[in-house]
Amino acid sequence: MSRSIVRQSKFRHVFGQAGKTEQGYDDIRVSKVTWDSSFCAVNPKFLAVIVESSGGGAFLVLPLSKMGRLDKNHPLVTGHTGPVLDIDWCPHNDNILASCSEDTTAMVWQIPDQMGTRPISEPIVVLEGHSKRVGIVTWHPTARNILLTAGSDNLIIIWNVGTGEALISMDDHPDLIYNVSWNRNGSLFCTTCKDRRLRVCDPRKREVVAERMAPHDGIRPMRAIFTRDGNLFTTGFTRMSQRELGLWDPTSFEEPIALLELDTSNGVLLPYYDPDTNMVYLCGKGDSSIRYFEITEEPPYVHYLSTFSSKEPQRGMGFMPKRGVDVSKCEIARLYKLHDKKCEPIAMTVPRKSDLFQDDLYPDTAGSDPALEPEEWLEGRDEDPILQSLRDGYVPPKSRELKVAKKNVLDSRPTTRRSMSSCDGSANLPPQLVERLLEEVQNLKATVLSQEKRICDLENKLSKYTNGTA
């Protein structure tokens, strides 16, 4: 008589637990735009949610500590003239966020630690290069200021947001791009497309280095992400509309490493991957559950662990970087589930009796320091993320201002695309006059900033008087 052997894994008993009512974020009008993005982005400092707004697109940014009912006067980030479709926090600066919109632009924003009462409407830089709506925005994992955007013009553009210039443009996709995911060191990215192909691209060579036709037989949208080992984890649909997940080796795409059918449902499965634990969390739009799996080197390679279920369906999901989890409670992941009018944190925890730091659960994780400068990455250098220990928990660094040197953009543009405001003789101005003009511009900027600070101070005083606190 054979005895079944239980697989040994420290993540076999991971369980999900929703936060208490007072730990959630209420009265948030989540966007109703029909687009398969997560609508939510989170980092150790802030929660950002794409919301409904009149007269253009907007999103809400809340400090994580500001739980409970949303203040009706809380300012929005408003700068796009069309609905916002995707947002992403910079992995190297917790105060920098990128957004993209139906208005064909992407924008990069500096979010202050102390948000005032006025809407944030001036981005640090506007990235204009797409001819149709921009639906995907994602930061490079190791290089400073490198941002990728993908639009409905089937174009992928990689930007240096420090100068505002487009570094690389790729038009290898004949149809709508569903998603883009960088590998661990940012040397490659993978894409899924409406033409049912899964592609691996080398951006600096500007070429597709591997592709697979129809990793899933169904015609509905797919998703793909890189694992830490360089394999590809995909979600899609079978020909009979059953949801399916797969694991692939991009060096030999003929047969999958693993292929697993899940259930029959319409919602696209959004995968969220934790490279430290090699676990993936699957969240379907419209589902009321989160499934999680562990990827290993032993068959069947993708091991089902458990399911977190709740009553209400999810509109979107945010995934906290590992440096933002609570190590004192053995929390290995935290997701932020969007309902119609609220956001609910869900902690994934390994049950342990000891209160001591668990070394086996928390290997050194990717920190907030970039490993490369933009120029180094563009020249062909690759580096893994700079790691940091979580033993003492994580304290977010102080706000660092992103400075955009727009003059570099003007220097690099061809003369045929000159700004209409530039005169033919402007290049011949004497150096002394140029210096004087630049100094005057700086003085004017300083004056405007001081006036804005004065306005904010006065508004704060006024609100104190009207609230009866002064």
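In which loop does A214 lie? A214 is in the loop between β19 (207-213) and β20 (223-226), where strands (E, at least two residues) are DSSP runs numbered from the N terminus. This is a predicted model, in which local features need pLDDT of at least 70 and side-chain atom pairs count only at pLDDT 80 or more, while totals for chains, interfaces and linings use all residues. Residues are numbered from 1 along each chain as its sequence is written, and side-chain values use heavy atoms, with hydrogens and water left out.

**Backbone geometry in loops**

A214 is not a glycine, yet its phi is positive, at about 50°. A214 is also buried, with a relative accessible area of 10%; buried means under 20% relative accessible area, exposed over 50%, and partly exposed in between (1.4 Å probe, protein chains only). C330, another residue other than glycine, has a positive phi near 60°. C330 is placed in the loop between β28 (316-319) and β29 (331-338) and counts as buried at 3% relative accessibility. The peptide bond from P299 to P300 is cis, with omega near 5°. P300 sits in the loop between β26 (289-295) and β27 (302-309).

All six of the six residues of strand β13 (residues 146-151) are buried, so β13 is largely enclosed by the rest of the structure. Both faces are covered, with I146, L148 and A150 buried on one side and L147, T149 and G151 buried on the other. Strands pair here if DSSP finds at least two bridges between them.

| Strand pair | Bridges | Facing residues |
|---|---|---|
| β12 (residues 134-139) and β13 | five | V137 and T149 |
| β13 and β14 (residues 156-160) | five | L148 and I158 |
| β18 (residues 197-202) and β19 | six | C201 and V208 |

β12 and β13 form a hairpin with six residues between them, and N145 in the turn has a positive phi of about 65°. The hairpin of β13 and β14 has four residues between the strands, and N154 takes a positive phi near 65° there.

**The sheet that contains β19**

An open sheet of four strands has the order β16-β17-β18-β19, with antiparallel pairing. Its edge strands are β16 (177-182) and β19, each of which pairs on one side only. Neighbouring strands of this sheet are turned by 20° against each other on average, direction ignored; the axes are lines fitted to C-alpha atoms, and angles run from 0 to 180 degrees between N-to-C directions. Strands of a sheet pair through backbone hydrogen bonds, either parallel or antiparallel.

**Surroundings of Y25**

Y25 lies in strand β2 (residues 25-26) and is buried, with a relative accessible area of 2%. The C-alpha atoms of Y25 and G68 are 5.0 Å apart, although these residues are separated by 43 residues along the chain. Leaving aside neighbours within four places in sequence, Y25 is in contact (heavy atoms within 4.5 Å) with residues including L47, L62, M67, G68, Y336 and C343. A polar atom of the Y25 side chain lies 2.6 Å from the backbone oxygen of L64.

Over residues 77-111 the chain is 0% helix and 63% strand, and the end C-alpha atoms are 9 Å apart. Helices are DSSP runs of H or I with at least four residues.

Conventions:
A polar contact is a pair of N or O atoms within 3.5 Å; within protein, one must be able to donate a hydrogen and the other to accept it, and residues adjacent in sequence count only if both atoms are side-chain atoms.
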